Amino acid sequence: MAISSMTGFARDAGSLGEASWTWEIKSVNGKTLDARLRLPIGFDQIDAPARAALNQTFKRGNLQVTLDVQRKDDAGGISINREILAQYVAIAREIETQHGSPAPRAELLLALKGVIETKGATVDEASQQALDKALLASFGKAVAALDAARRAEGQSLSAVMAGQLDGIEALHKAATNNPARTPEAIRARLKDQVAALMDVAKFDEQRLTQEAVMLATKADIKEELDRLQVHIAAARTLLKSTEPVGRKFDFLAQEFNREANTLCSKANDSSLTAIGLDLKTVIDQMREQVQNIE
């Protein structure tokens, strides 16, 4: 079975020269592929190729990517860009005067982009390019690890959903073979109902028979059972697919639910109604699992 989950976690670390780094990727459910990258200042140039690697590997999921880079030759100090800070303070005072807003706290001003600058050794262009290349290679390993984690969870989901499909198929068989669906049972039930009506009022017996036949036809669930069988076969095919099938499975789960609802509404016997309710329960459980599939 080859379906993938949308949840997972991966990490990869490495070093080159005086630099060391750690990549972390967290993945959760999402309707589309939404990647959010948090890169240190000075590494914006690897954003595009990193996103390309994600787009090539994944189709759905919310991804949070974090890169932490440390340099041994880093002086370890920080400086405040007072010119930029003064501009932020001036804007804050203007807003305070015009709108009566409270003055921002110092820690909020220091958190603004460009106010705090780190002190470190200058890296030449060739060294930076080599580091970028090593970082992207490491990121590729993290992406591969995340893909493997999502596929491993997908195998667990496949096993659970295969069991749920077995349950749906067993209930389908029970409904198909239910004694209440036999012509004899339907005839006997209608006969009793007609007899009860004839005891309390006079009816056109021929017209009453025609109406009874029409009601029996409307109550027939053969079409719903046939469609359920088709949906079961389609679901088993999707479980074996090597392509992302989450969207297709979500639509199919809705179709399962529609047939179960119709079966319950058309059931003319309590035993069939009970089967329909059990079907809805298993289908709802399956729909919850479907939300995790890529």
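**Labels and the values behind them**

Reply: The protein has nine helices and six strands. The model is predicted. Of its 294 residues, 31% are buried.

Me: What share of the contacts with a separation of 6 or more comes from residues 24 or more positions apart?

Reply: The share is 79%.

Me: Why are α8 and α9 called roughly antiparallel?

Reply: Helix α8 covers residues 246-266 and helix α9 covers residues 270-290. They pack at an angle of about 165°. The cut-off for roughly antiparallel is over 145 degrees. The angle passes it, therefore α8 and α9 count as roughly antiparallel. Their axes are 9 Å apart, and the crossing is left-handed.

Me: Which residues make that contact, and how do they divide by class?

Reply: From α8 they include Phe249, Ala253, Phe256, Asn257, Ala260 and Cys264. From α9 they include Leu272, Gly276, Leu279, Lys280, Ile283 and Arg287. The contact of α8 with α9 divides into 12 nonpolar, six polar and four charged residues.

Me: What makes α7 and α8 roughly antiparallel?

Reply: Same test. Helix α7, residues 222-239, crosses α8 at roughly 160°. Over 145 degrees is the requirement. The angle meets it, so the pair is roughly antiparallel. The axes come within 10 Å. The crossing of α7 and α8 is left-handed.

Me: What lies in the contact of α7 with α8, and how is it made up by class?

Reply: Among the α7 residues are Leu225, Leu228, His231, Ile232 and Ala235. Among the α8 residues are Lys248, Phe249, Leu252, Phe256 and Glu259. By class, there are 11 nonpolar, two polar and six charged residues.

Me: Turn to Arg150, in helix α4. Why does Arg150 count as buried?

Reply: Helix α4 spans residues 125-176. Relative accessibility for Arg150 is 0%. Buried means under 20%. The value is under the cut-off, so Arg150 counts as buried.

Me: What does Arg150 touch beyond residues up to four places away in sequence?

Reply: The list includes Ser4, Ser5, Met6, Thr7, Ser27, Phe58, Arg60 and Glu294. Take Met6: it is 144 residues from Arg150 in sequence, yet 6.1 Å away in space, C-alpha to C-alpha.

Me: How do you know that the side chains of Arg150 and Glu294 make a polar contact?

Reply: They are joined at 3.2 Å. The cut-off is an N or O pair within 3.5 Å, with one atom able to donate a hydrogen and the other to accept it. The pair counts as a polar contact.

How values were computed
Residues are numbered from 1 along each chain as its sequence is written. This is a predicted model: local features need pLDDT of at least 70, side-chain atom pairs count only at pLDDT 80 or more; totals for chains, interfaces and linings use all residues. Side-chain values use heavy atoms; hydrogens and water are left out. Axes are lines fitted to C-alpha atoms, for helices over the stretch in contact, and angles run from 0 to 180 degrees between N-to-C directions. Helices (H or I, at least four residues) and strands (E, at least two) are DSSP runs, numbered from the N terminus. Angles under 35 degrees count as roughly parallel, over 145 as roughly antiparallel, 65 to 115 as roughly perpendicular and the rest as oblique. A crossing is left-handed if the near helix is turned anticlockwise from the far one by less than a right angle, and right-handed if clockwise. Contact means heavy atoms within 4.5 Å. Ala, Val, Leu, Ile, Met, Phe, Trp, Tyr, Cys and Pro count as nonpolar, Asp, Glu, Lys and Arg as charged, and the others, Gly among them, as polar. Buried means under 20% relative accessible area, exposed over 50%, partly exposed in between (1.4 Å probe, protein chains only).
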